[in-house]
Amino acid sequence: SLFISYLFKAVRQLLILSNYLKIVSWMLSFIAHTLYMIMRASVKPNNLLVLLVCLQVQLILFLGPENSHSVRILRSVDKDLFFDGIYNYESKKNAEPYLIELGIGWLLRKLALATSPTITVSRNCDAVPCSWSLREDLVFKSHVSMFQLGEEVADYTMDGRTVQTVFTRPSRNRLVEEQIGDTVNNTVIRDFFQDRMEVTMIVNGVTASGVFRRQ
């Protein structure tokens with residue numbers, strides 16, 4: 001199953017690369033056409049400005065906010081993303097069966113069920129790609145994950161297991177964490193909204209969920 005997981009990741013990276021090559025080809029064609037029109041003196045300054053704005057919009061639509069960071073128009077578009085913030089625990093469903101399936105011991109499981117975690121998500125997009133930080137604070141322990149999207153990193157879980165972790169962003173305000181361990185694999189899906197974060201956790205077909213309210 002580990003080989004299949006790595007194979008899927010390799011195919012996904014090839015598809016992403018293919019999309020980028022198509023985008024680069026489109027950009028070069030657009031720029032060549034724009035330069036041709038300028039040389040023919042058929043583009044007035046105002047029309048040229050419109051063309052440049054259209055190019056910026058297309059870059060955002062094709063590349064997404066993470067990869068078109070350097071486009072100035074992105075600054076206003078990126079503000080409606082809801083990732084960054086501090087989220088306080090509000091409720092959970094089916095947590096204990098999920099923790100049992102994950103292999104968490106009785107004592108640590110009871111401590112986890114009795115506490116109210118706080119999760120802090122932050123991004124630093126001064127450079128591309130963005131660097132992410134996800135911090136989880138419990139009464140008895142804290143854990144911080146530092147990552148970039150699509151990058152596989154060695155990490156450890158709150159119960160001390162060593163895992164290989166990959167974070168992806170399949171849609172605008174969704175963050176997916178895949179944990180590949182020696183004995184069990186785990187998926188954590190985080191959906192971000194203006195006032196909350198909804199978490200779905202899946203291991204061996206057992207699903208749990210939680211809601212965290214934005215501070």
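**Entry 1: the cysteines**

Are C125 and C130 buried or exposed? I looked them up, and both C125 and C130 are buried (buried means under 20% relative accessible area, exposed over 50%, and partly exposed in between, with a 1.4 Å probe and protein chains only).

Before going on, I noted what I am looking at: this is a predicted model, where local features need pLDDT of at least 70 and side-chain atom pairs count only at pLDDT 80 or more, while totals for chains, interfaces and linings use all residues. Residues are numbered from 1 along each chain as its sequence is written, and side-chain values use heavy atoms, with hydrogens and water left out.

Back to the cysteines. A disulfide joins C125 to C130, with S to S at 1.9 Å (a disulfide is a pair of cysteine sulfur atoms within 2.5 Å). I reminded myself that a disulfide is a covalent bond between the sulfur atoms of two cysteines. The structure holds one disulfide. I also checked its handedness: the torsion about the S-S bond of C125 and C130 is about 110°, so this disulfide is right-handed.

**Entry 2: the strands**

Next I followed the strands (DSSP runs of E, at least two residues, while helices are runs of H or I, at least four residues; both are numbered from the N terminus). Strand β2 (residues 118-124) pairs with strand β3 (residues 131-137) in the antiparallel sense, over seven bridges (two strands pair if DSSP finds at least two bridges between them). β2 and β3 form a hairpin, and six residues lie between them. I found R123 opposite W132 in β3.

What does β3 meet on the way to β4? A hairpin of four residues joins β3 to β4. Strand β4 (residues 142-147) runs antiparallel to β3, and six bridges join the two. Here I found R135 opposite V144 in β4.

**Entry 3: the salt bridges**

How many salt bridges does the structure hold? I noted 11 salt bridges (each is a side-chain nitrogen of Lys or Arg within 4 Å of a carboxyl oxygen of Asp or Glu). Side chains of opposite charge can pair when their charged atoms come close.

I picked out R109 and E96, which form a salt bridge with their closest N and O atoms 3.3 Å apart. R109 lies in helix α5 (residues 106-114) and E96 in helix α4 (residues 95-102), so the pair ties together parts that are 13 residues apart in sequence. R109 counts as buried at 11% relative accessibility, whereas E96 is partly exposed at 26%.

Then I turned to E198 and R196, whose closest N and O atoms are 2.8 Å apart in their salt bridge. Salt bridges that share partners join E90, D195, R196, E198 and R213 into one network. E198 is partly exposed at 28% relative accessibility, and R196 is partly exposed at 21%.

**Entry 4: a look at R161**

Where does R161 lie? I found R161 in the loop between β5 (152-156) and β6 (162-171). R161 is buried, with a relative accessible area of 19%. R161 forms a salt bridge with D159, the closest N and O atoms being 2.9 Å apart, and D159 is partly exposed at 25%.

Leaving aside neighbours within four places in sequence, I listed the residues in contact with R161 (heavy atoms within 4.5 Å): L102, D155, Y156, Q179 and V184.
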